[in-house]
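Here are my notes on the model you sent. Please read them with the coordinates open.

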Amino acid sequence: MSSTAEPSVPLVDATPRAIDGDSPATKSATAPKPTKDINTYLRRTVHNLLSLEGRTIVITGGARGLGLAFAFAVAEVGGNVAIIDALDTPHEHFYKLEKDYGVKVKLYKSDVTKHPVLKATFDDIVNDFGRIDGLVTAAGICPDEPFIQRDPDSVARCFAVNTLGTYYSAQLAAAQMIKQEPTEFNKKGGSIVFIGSIAAYVASKGQTTSDYCSSKGAVVALAKALGVELAGTGIRVNSISPGYMLTDMTLDLCDRMPWLADIMNNEPPMRRMGDRADLKVPIVYLLSDASAYHTSDDLLITGGIHAGRLM
Ligand SMILES: NC(=O)c1ccc[n+]([C@@H]2O[C@H](COP(=O)([O-])OP(=O)(O)OC[C@H]3O[C@@H](n4cnc5c(N)ncnc54)[C@H](O)[C@@H]3O)[C@@H](O)[C@H]2O)c1
């Protein structure tokens, strides 16, 4: 821009387009005045934008694995954490969360596939925490069996946990986000982040995971659809699709199928598996005001595997 003085009004016409039946007179009567402050970037620091202070974030599948790392990321920037998991006993690191960060943390044993049970869990969370400002859906399973031999009940289970569990959790969280009172730290809505997978895009070498791949494809598509449908409510919906990440799930897989360790370490162009620390800032980014204009997207964090393989 050649001008040195900053304009005091937006350069872009923010007037909503007339919809069918709107006369020009109606249009101008309802058009918002172009009084937007264009200098918020001077006040909103990166530190402030990434803060989750005061907010309550629900994390499904957070008793171990990626979900537990997300719980640490949220707590480290001041957020309270409600974890939903089917496990009786969480990983030992869970107990460090409340002790080390001074935020409110609670684990709820539940099942994301059983809607009435899950609804009661979300009700408990609202009773205990007062509100829900964010949701991360990390509960997931990854069966590995050739397509032709797949048992229908096992296929249904995979879709129930990965896809329906995500759908139900998002619906329950969004219903609360829409009805709760605005606060200083969250004026409207909230942020929902699904955990998809590189498997939504490419078949996994050395594995036969047809149901897993398709269940994750549905999760990525759901984020896109909901981001659009819920935009007017102030709720943003995105997903993160990790590549091979070092967690209990992948360690279990490598124990059962030892050839996978080599694939997971050497397939990504960056020649390593992802570390859970690689996802901590992306999850905080998507949950916080730092991503206030970012919705209906999928972040691929794969060490480059989604783009290609080295020779
Ligand atoms: N680890 C990876 O390489 C990788 C890569 C891409 C995507 N993902 C996805 O990330 C998510 C987390 O994976 P992870 O590696 O941490 O796995 P994990 O097995 O370590 O953790 C998954 C958690 O989900 C919980 N869970 C399973 N079924 C549940 C149910 N019905 N109700 C409530 N909780 C349930 C489990 O108890 C467990 O604590 C999964 O959705 C997975 O598909 C993982």
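1. In helix α6, His-115, Leu-118, Lys-119, Phe-122 and Val-126 meet Tyr-168, Ser-169, Leu-172 and Gln-176 of α7. Contact here means that C-beta atoms, placed from the backbone, lie within 7 Å. By class, this contact has 5 nonpolar, 3 polar and 1 charged residues. Ala, Val, Leu, Ile, Met, Phe, Trp, Tyr, Cys and Pro count as nonpolar; Asp, Glu, Lys and Arg as charged; the others, Gly among them, as polar.

2. This is a predicted model: local features need pLDDT of at least 70, side-chain atom pairs count only at pLDDT 80 or more, and totals for chains, interfaces and linings use all residues. Residues are numbered from 1 along each chain as its sequence is written. Helices (H or I, at least four residues) and strands (E, at least two) are DSSP runs, numbered from the N terminus.

3. How do the axes of α6 (residues 115-129) and α7 cross? They come within 10 Å and cross at roughly 35 degrees. Axes are lines fitted to C-alpha atoms, for helices over the stretch in contact; angles run from 0 to 180 degrees between N-to-C directions. The crossing is right-handed (the near helix is turned clockwise from the far one by less than a right angle).

4. The open sheet has 7 strands in the order β3-β2-β1-β4-β5-β6-β7, with parallel pairing. Strands pair if DSSP finds at least two bridges between them. The edge strands β3 and β7 (298-301) each pair on one side only. Neighbouring strands are turned by 15 degrees against each other on average, direction ignored. Helix α4 packs on this sheet and touches β1 (56-60), β2, β3, β4 (134-137) and β5. Its direction makes about 170 degrees with that of β1.

5. Strands β2 (residues 80-85) and β3 (residues 105-109) pair in parallel over 5 bridges. Val-81 stands opposite Val-105. Strands β5 (residues 190-195) and β6 (residues 235-242) also run parallel, joined by 6 bridges. Gly-190 has Ile-235 as its bridge partner.

6. Check the ligand shell. It holds 30 residues; the closest are Gly-61, Gly-65, Gly-140, Thr-247 and Met-249. Shell residues have the C-beta atom, placed from the backbone, within 6 Å of the molecule. The shell divides into 16 nonpolar, 10 polar and 4 charged.

Notes. Contact = placed C-beta atoms within 7 Å.
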